[in-house]
Amino acid sequence: MAEKQSLSGAYYGPSIPPTRKSYHRHGRGSGGCGCCGCLFGCLCDCIFGLIFKIVFTILIIIGLAVLVVWLVLRPNNLKFHVTDASLTRFNFTTNNTLNYNMALNITVRNPNKRIGIYYDTIQANSYYQDQRFHSVELTPFYQGHKNTSVLSTVFDGQQVVLLGTSEQSNFESETTDGLYSIDLKLNLKMRAKVGWIKIGKFKPKIKCGLKVPLSSNVKSTGSFEATKCSLDL
């Protein structure tokens with residue numbers, strides 16, 4: 001049936017139903033966190049935020065403390081040199097036995113103005129082609145600020161050293177030249193002293209790659225050249 005409309009434009013069709021209002025009911029449904037859930041989440045956020053701020057603050061304080069200590073002390077690395085080496089015997093006899101006699105002078109320089117060093121243990125080891133043939137314990141000592149100390153040691157004796165084909169060839173070549181490649185390695189146990197405070201227990205390893213002439217070899221030319229040592233990583 002056609003809808004009726006008056007001449008004035010008024011509408012006389014079926015009545016339009018009113019719009020329904022939708023209401024959202026707060027409860028434990030999956031759509032909301034609930035009173036307890038929201039409270040727990042806020043509490044967790046606050047706790048984690050507080051922990052992060054505390055840790056960040058501690059890291060900043062530690063960093064500033066380290067910076068201040070470094071600026072005050074200005075620590076410098078110790079310097080090791082082998083200044084003299086004398087080799088009077090270095091040969092193999094039967095049963096792969098190495099006979100040797102080598103004397104070394106080692107200088108240790110502490111360039112620090114405010115840091116002293118306790119050398120509690122000093123173990124000097126001599127190596128030939130990566131094989132240790134002697135070990136010596138040196139006397140512990142204390143080294144003051146901006147001080148240079150001289151350590152002297154002698155490696156004298158005999159030791160079985162097994163050489164492979166290439167190592168044997170290297171030894172024969174060095175014997176002809178009268179110049180041997182010998183490594184000195186120092187195993188240290190140290191403590192630092194700042195004022196009256198003793199700090200830490202450090203265990204650095206120092207390596208010195210030496211070229212030592214055999215004094216009894218007439219073909220050996222020149223004398224031993226002072227050698228700078230480095231940290232053995």
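Reader: Which residue lies over the face of Tyr-118?

Author: This is a predicted model, in which local features need pLDDT of at least 70, side-chain atom pairs count only at pLDDT 80 or more, and totals for chains, interfaces and linings use all residues. Residues are numbered from 1 along each chain as its sequence is written, and side-chain values use heavy atoms, with hydrogens and water left out. A charge sits over a ring if NZ of Lys or CZ of Arg is within 6 Å of the ring centre and within 35 degrees of the ring normal. At 4.9 Å from the ring centre of Tyr-118, the residue over its face is Arg-191.

Reader: Over which ring does the charged end of Lys-193 sit?

Author: The charged end of Lys-193 is placed 5.5 Å from the centre of a ring. That ring belongs to Tyr-142.

Reader: How many bridges join β1 to β2?

Author: Strands (E, at least two residues) and helices (H or I, at least four) are DSSP runs, numbered from the N terminus, and two strands pair if DSSP finds at least two bridges between them. Strands β1 (residues 79-93) and β2 (residues 97-110) run antiparallel and form a hairpin with three residues between them, where Asn-95 in the turn has a positive phi of about 60°. Phe-92 stands opposite Leu-98 in β2. The number of bridges joining β1 to β2 is 13.

Reader: Which residue of β10 stands opposite His-81?

Author: Strand β1 is also joined to β10 (residues 227-228) by two bridges, and these strands run antiparallel. Opposite His-81 stands Lys-228.

Reader: Why is the pair of Phe-90 and Phe-133 classed as it is?

Author: Rings of Phe, Tyr and Trp (its six-membered ring) pair if their centres lie within 6.5 Å; planes under 30 degrees apart count as stacked, over 60 as edge-to-face and the rest as tilted. The structure holds 10 aromatic pairs. Because the centres of Phe-90 and Phe-133 are 6.0 Å apart and their planes stand at 70°, the class is edge-to-face.

Reader: Is Phe-92 buried or partly exposed?

Author: Buried means under 20% relative accessible area, exposed over 50%, and partly exposed in between (1.4 Å probe, protein chains only). Phe-171 has 9% relative accessibility and therefore counts as buried. Phe-92 has 21%, so its class is partly exposed.

Reader: Which rings form a cluster with Phe-90 and Phe-92?

Author: Ring pairs provide the links within this cluster. Besides Phe-90 and Phe-92, its members are Tyr-100, Tyr-128, Phe-133, Phe-171 and Tyr-180.
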